[in-house]
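Please look through this protein with me, one topic at a time. Keep the sequence and the 3D view side by side.

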Amino acid sequence: MTANPVSVNSNACLISPEIGQSSIAPAHPPLKLGVLASGSGSNFEVIAQAIQNQQLNAQIPVLIYNNPEAKAAARAEKYGISSILLNHRDCKSREELDTKIVKTFQEYDVEWVVMAGWMRIVTKVLLDAFPDRVINIHPSLLPSFPGIRAVEQALAAKVKITGCTVHIARLEVDSGPILMQAAVPVLPDDTAETLHARIQVQEHKIMLGAIALIAESHQKYCD
């Protein structure tokens, strides 16, 4: 009896475009990333760790978080990164929040914005301030299953493959040019928790891969 290859390796995935060996060019100034996070900040820490390990020619001048209970702030402190709470509950509109975000990022000379588990819909205010320089990560193979509870959507649809996507943010939620994707198999006994855990492993990989591509393009532009 032949074993099911997916059952043998439940972490099997396909990343597109393929991630090669990362290399940095110290002679170039690092790409300045402003990170937005609402929760645990695991994607944020993966980026910070890669920078610390000199796997990315980038730096994070500041992390902005909107939830006072977000664990991302403690992760920022661990890496000596400034973190600022901008509680959306204190703002009268999404535009007011984004105006505060833009002001903060501009004060820190941020060049690109990374939404790493940012659970707020962004507005024209932020996107116009950083045109085509705001990226988002989403736990599905977009354009499939946009919006909230993407993992649950995939399970309900009984798809055999789902995954995650890093893309340039647009006003329409979870739309915009795709930078990198990773496919993840859905197993027969998967729950939302087990599937999301395997997707998150791939999220960390493609987030770093996408930022590396951006940093490489930035260096060529500087040349």
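## Terms and model

A residue is buried under 20% relative accessible area, exposed over 50%, and partly exposed in between (1.4 Å probe, protein chains only). This is a predicted model: local features need pLDDT of at least 70, side-chain atom pairs count only at pLDDT 80 or more, and totals for chains, interfaces and linings use all residues. Residues are numbered from 1 along each chain as its sequence is written, and side-chain values use heavy atoms, without hydrogens and water.

## The sheet

Helices (H or I, at least four residues) and strands (E, at least two) are DSSP runs, numbered from the N terminus. Two strands pair if DSSP finds at least two bridges between them.

Eight strands form an open sheet with mixed pairing, in the order E1-E8-E7-E6-E5-E2-E3-E4. Strands E1 (14-16) and E4 (82-85) stand at the edges. Each has a single partner strand, so one side of each has no neighbour in the sheet. Strands E5 (residues 112-115) and E6 (residues 134-138) pair in the parallel sense over three bridges. Met 115 has Asn 136 in E6 as its bridge partner.

## Ser 38

Where is Ser 38 found? It sits in the loop between strand E2 (31-37) and helix H2 (42-52). Ser 38 is buried, at 8% relative accessible area.

A polar contact is a pair of N or O atoms within 3.5 Å; within protein, one must be able to donate a hydrogen and the other to accept it, and residues adjacent in sequence count only if both atoms are side-chain atoms. The side chains of Ser 38 and Asn 66 make such a contact, at 2.6 Å. A polar atom of the Ser 38 side chain also lies 2.9 Å from the backbone nitrogen of Met 119.

## Salt bridges

Side chains of opposite charge can pair when their charged atoms come close. A salt bridge puts a side-chain nitrogen of Lys or Arg within 4 Å of a carboxyl oxygen of Asp or Glu. The whole structure has eight salt bridges.

Glu 96 bridges to Lys 100, with the closest N and O atoms 3.9 Å apart. These two are four residues apart in helix H4 (residues 94-107), so about one helical turn separates them. Glu 96 is partly exposed, at 27%. Lys 100 is partly exposed too, at 33%.

Asp 190 and Arg 198 meet in a salt bridge at 2.9 Å, N to O. Asp 190 is buried at 12%, and Arg 198 is buried at 9%. Salt bridges with shared partners join Glu 45, Arg 75 and Lys 78 into one network.
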